[in-house]
Amino acid sequence: MLYRRALTREMGLTTGAVLTVLIAIALVILFIRLLGDVARGELANQAVFAFLGFSLLYFLPVLMTIALFAGVLLPLSRMWRDSEMVIWLNAGLSLTQWMRPVLTFAVPFSLVILLLTLVLNPWAQAKKSEYRQDLRSRSESSLIAPGLFAESSIGQRVYYVESLNPLTGIVRNVFMQSRIDGQLGLVVAREGNHTQLPDGSRYLVFKDGRRYEGIPGQLDYRIVQFERYWMRLDPVAAGDKVTGIRQTPPGELIGDASPAARAELLWRLGVPLSALILAVMAIPLSFVNTRARRSYGLVIALLLYFVYNNLLSLAQAWVAQGRLNPWVGMLSPHLLMLLAVAALFYVRARQYGARRKRP
């Protein structure tokens with residue numbers, strides 16, 4: 001029917017626009033946070049975009065839930081303000097009949113969220129963990145970035161380079177401070193590069209520079225001028241592979257009866273289900289008093305979303321701590337919100353019915 005096609009088209013455009021804005025905001029925030037990790041030497045600069053993608057994929061289900069909620073709420077609110085909803089209701093449509101086009105749009109969207117939370121996110125988190133372990137096992141030279149001070153993983157060396165040629169790997173105007181056996185040393189060189197010998201050992205080779213050795217506060221420094229200065233880099237052991245509950249595949253997670261696994265399963269299934277319930281809740285929340293030309297539906301919708309999200313987080317935490325039965329924790333937040341949805345439909349139906357009976 002006409003109203004279904006018009007509503008579906010408007011919901012699709014609004015949801016896409018809101019999701020694009022949310023992703024842009026999330027990318028900026030995550031990028032700034034990762035740049036801070038690079039500046040502190042906790043992350044290699046070449047890993048920024050990979051970690052950015054992993055982090056965005058982790059937050060994408062929540063962003064999609066918000067976008068779906070807003071994508072249903074805003075078009076229906078616009079229809080109330082423009083009196084389109086009044087015309088449709090006077091033509092014989094009830095408020096509950098709008099559930100069909102909303103669910104037709106929301107169910108595929110929720111299935112995509114389910115795919116993300118149940119399958120893609122655990123895979124992405126596992127790949128992120130493997131990548132982090134691989135970065136930790138690399139030599140200190142992978143942390144060196146032009147224009148930034150970088151500290152080695154064991155805290156014995158601090159590097160600074162002015163520029164880096166990505167094709168040759170040669171750095172210009174190098175500064176390095178090292179502390180070996182309690183002896184402080186400073187190296188200043190015109191250029192340097194990373195070299196790996198056939199036996200697998202790795203070195204930083206400095207060219208045309210000086211090394212200063214001594215104790216801070218004393219004047220008996222030793223100055224050594226060199227043409228080439230070789231410094232061995234020992235790779236950091238990556239250790240055993242770290243796997244957390246977030247990286248667990250869905251098959252293993254379902255078969256695991258531990259509280260942590262049940263809590264993680266609660267969250268993975270709860271997010272797409274909450275998206276579906278919020279989409280239906282947006283129908284009565286979109287009501288606008290056309291005479292007053294204002295509505296508190298958006299404020300109430302925002303509060304209800306935060307309450308719903310906090311209920312899911314609280315239930316997950318209590319199930320993980322063993323304080324709540326997994327089935328109770330999995331069903332209670334959604335049942336409470338379904339009761340709220342039924343109450344909102346009842347209130348809006350009575351409210352509109354009373355307005356129609358007025359002379």
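Trainee: Where is Asp-208 found?

Mentor: In strand S5, which covers residues 202-214. Strands are DSSP runs of E with at least two residues, helices are DSSP runs of H or I with at least four, and both are numbered from the N terminus. Before we go on: this is a predicted model, where local features need pLDDT of at least 70 and side-chain atom pairs count only at pLDDT 80 or more, while totals for chains, interfaces and linings use all residues. Residues are numbered from 1 along each chain as its sequence is written, and side-chain values use heavy atoms, with hydrogens and water left out.

Trainee: Why does Asp-208 count as partly exposed?

Mentor: Look at the cut-offs: buried is under 20% relative accessible area, exposed is over 50%, and partly exposed lies in between, with a 1.4 Å probe and protein chains only. Asp-208 has 39% relative accessibility, so it counts as partly exposed.

Trainee: What makes the phi of Asp-208 worth a look?

Mentor: Most residues other than glycine have a negative phi. Asp-208 is not a glycine, yet its phi is positive, about 55 degrees. Asn-173, in strand S3 (residues 171-180), also has a positive phi, about 50 degrees, without being a glycine. With a relative accessible area of 38%, Asn-173 is therefore partly exposed.

Trainee: Which residues does Val-224 contact, beyond its neighbours within four places in sequence?

Mentor: Gly-209, Arg-210 and Arg-211, where contact means heavy atoms within 4.5 Å. Val-224 is in strand S6, residues 222-233. At 31% relative accessibility, Val-224 is partly exposed.

Trainee: How do you know that Gln-247 is buried?

Mentor: Its relative accessibility is 19%, and because that falls under the cut-off, Gln-247 counts as buried. Gln-247 is in the loop between S6 and helix H5 (250-255). Apart from neighbours within four places in sequence, Gln-247 contacts Pro-122, Gln-125 and Ala-126.

Trainee: And what makes Thr-15 buried?

Mentor: A relative accessibility of 2%, so Thr-15 counts as buried. Thr-15 is in helix H1 and touches Ala-67, Leu-68, Gly-71, Phe-105 and Phe-109, not counting residues up to four places away in sequence. Leu-43, in the loop between H1 and H2, has 6% relative accessibility and is therefore buried. Leu-43 and Arg-132 are 89 residues apart in sequence, with their C-alpha atoms 8.6 Å apart.

Trainee: Why are H2 and H6 called roughly parallel?

Mentor: Two packed helices are described by the angle between their axes and the distance between the axes. Helix H2 (residues 48-81) and helix H6 (residues 259-285) pack at about 10 degrees, with axes 8 Å apart. The axes are lines fitted to C-alpha atoms, for helices over the stretch in contact, and the angle runs from 0 to 180 degrees between N-to-C directions. Under 35 degrees is roughly parallel, over 145 roughly antiparallel, 65 to 115 roughly perpendicular and the rest oblique, so H2 is roughly parallel to H6.

Trainee: How many residues of each class make up the contact of H2 with H6?

Mentor: There are 15 nonpolar, two polar and no charged residues. Nonpolar here covers Ala, Val, Leu, Ile, Met, Phe, Trp, Tyr, Cys and Pro; charged covers Asp, Glu, Lys and Arg; the others, Gly among them, are polar. On the H2 side the residues include Pro-61, Leu-68 and Val-72, and on the H6 side they include Trp-267, Ser-274 and Leu-278.

Trainee: Which residues of the largest nonpolar core touch the most other members?

Mentor: Of its 61 residues, they are Leu-68, Val-72, Leu-76, Trp-80, Trp-98, Met-281 and Leu-285. A nonpolar core is a set of buried Ala, Val, Leu, Ile, Met, Phe, Trp, Tyr and Cys residues joined through side-chain atoms within 4.5 Å. H2 gives the most to this core, 16 residues. Met-281 touches Leu-304, Met-337, Ala-340, Val-341 and Leu-344, leaving out residues up to four places away in sequence. A second, separate core has 11 residues, among them Met-176, Ala-189, Leu-204 and Met-231.

Trainee: What does the secondary structure of the protein chain come to?

Mentor: Eight helices and six strands. From the N terminus the order is α-α-α-α-β-β-β-β-β-β-α-α-α-α. Of the 359 residues, 41% count as buried.
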